[in-house]
Amino acid sequence: ITDGYEGTFNYVWKIDTLGSTFKVLGDYARREATSRNDNFSRMLSEGLPSVDSTYRDHTDNSFEVAALTLALDKKFSPKWSLQTGAKYTRNHTCNNSLYQYLKEEEWVRNDDQSLRVDYTEHIAAAYGVVTAKLGRWGVTAGLRGEYTRTDGRRNGVEQNYFSLFPNANVSYSLSSDGAYSLVAQYARTIRRPSFWTLMPNRSQISDYTYQTGNPLLDPAYKQDVSLTLVLAHKYTLTGGVILQRDEINQTTAADADNPDMLGILWVNYDDTKTWYAAANLPIQPTEWLQINMGANYMRRGQRVEQHAPETFQHILLANVSATIELPANFYVDLSYRYQSRMTFGNATVEPMQFLNAEVKKRFGRRVTLSFSA
């Protein structure tokens, strides 16, 4: 059984004739789900008495998110503007799972599977962004501060941390019409650990393997620096680097109390970096033919284990698509995509290629027939 409800509130106040606004935005959503299962199994072996098992489970889940945003967009002139605001978000999840089995006509709780999760995440943020146009220069620079508090003390989880996230975009027009330009960008982002990666409850996978969370996980941060060259308003060439700090990942380690038992654990990996380059080249040689070509190259840093040496792999992603317009409202779409070999830890994905062809026929504005392979 699943049900839920949600609501949204928006208020916009137009401050002046330049287009400045003040906004109040509110959102709330709640979802609830309940499941009940009764199970009976019987195992038969020739020459042996049957083995019967009766068990049941009852799970209640609820999730709610509430957010309130205050945003001011102040335009001082066509060349200068300021955006500032604050946002508060509350996420709450509750999971109550009860597993029981029948023993001598009495229901007995299975403590290895039963659990209760009660977890709340509070995120308070404030930001400011300045945008300016100064001749051939364009500048957008901002700073966001976020305070995060997580409360799951029933499960041994409690975190508090504050982070700053600067970002900047600086562009310069190489030509008077802006057809050719350079754009430099910088941004710092965060990936917060989810509650399931923080929860220290131990989940047995097999006789010798278990999985558990880590309440001491730190959030993961990325810094992305790039430079883009824009040619003739449509061709782009980009190069940059991503600096990854405290990446959240899983590792396997022997249990401290029982070395014969392996634990699958969530940990923060050592820092890595990834260099990348990208190109996008749209071409229209005739009115009836459009071609778009794109390629992405990455020299991706990774670690097989938490403190293992950083290794690099070369990854290439490429795509070509074409649209051919024929008489009588016929169209042909062709596309090709290539993905080179990728390795993630001890798993490898072999190179993949995708080819698609589609023929379409339009009848007026409302009906289209298509065939693709």
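T21 counts as buried, because its relative accessibility is 14% and the cut-off for buried is under 20%. T21 sits in strand 2, which spans residues 21-45. The model is a predicted one. Beyond residues up to four places away in sequence, T21 touches V12, W13, K14, I15, A71, L72 and D73.

**Strand pairing**
- Strand 6 (residues 115-134) and strand 7 (residues 137-152) run antiparallel, joined by 15 bridges.
- Within this pairing, A124 has Y147 in strand 7 as its bridge partner.
- Two residues lie between the strands in the hairpin of strand 6 and strand 7. There, G135 takes a positive phi near 65 degrees.
- Strand 7 also pairs with strand 8 (residues 157-173) in the antiparallel sense, over 16 bridges.
- T150 has Q159 in strand 8 as its bridge partner.

**Nonpolar residues, inside and out**
- The largest nonpolar core has ten residues: V117, Y119, V157, F195, L198, M199, L217, A220, I248 and W266.
- Strand 6 and helix 1 (195-198) are the elements that give two or more residues to this core.
- On the surface, F76, W80, V130, L134, W137 and V170 form a nonpolar patch. Together they have about 570 Å² of accessible area.
- W80 counts as partly exposed because its relative accessibility is 40%.

**A salt bridge between K74 and D16**
- There are twelve salt bridges in the structure.
- One of them pairs K74 with D16, with the closest N and O atoms 3.0 Å apart.
- K74 lies in strand 3 (residues 48-77), and D16 in the loop between strand 1 (2-14) and strand 2, so the pair ties together parts that are 58 residues apart in sequence.
- Both ends count as partly exposed: K74 has 25% relative accessibility, and D16 has 26%.

- R30 forms a salt bridge with E32, the closest N and O atoms being 2.7 Å apart.
- R30 also forms a salt bridge with E64, where the closest N and O atoms are 3.3 Å apart.
- R30 is in strand 2 and E64 in strand 3, so this pair ties together parts that are 34 residues apart in sequence.
- Salt bridges with shared partners join R30, E32, E64 and R90 into one network.
- R30 counts as buried at 16% relative accessibility, and E64 counts as buried at 12%.
- E32, by contrast, is partly exposed, with a relative accessible area of 30%.

Notes. Residues numbered from 1 in each chain as written. Predicted model: local features only at pLDDT ≥ 70, side-chain atom pairs only at ≥ 80, totals over all residues. Heavy atoms only, no water. Pairing = 2+ DSSP bridges. Helix = DSSP H or I, 4+ residues; strand = E, 2+ residues; numbered from the N terminus. Core = buried A, V, L, I, M, F, W, Y, C linked by side-chain atoms within 4.5 Å. Buried < 20%, exposed > 50% of the residue type's maximum accessible area, 1.4 Å probe, protein only. Patch = residues over 30% accessible without salt bridge, like charges linked within 9 Å, V, L, I, M, F, W, Y side chains within 5 Å. Areas by Shrake-Rupley, 256 points an atom, 1.4 Å probe, with all protein chains shown as cover. Salt bridge = Lys/Arg side-chain N within 4 Å of Asp/Glu carboxyl O. Contact = heavy atoms within 4.5 Å.
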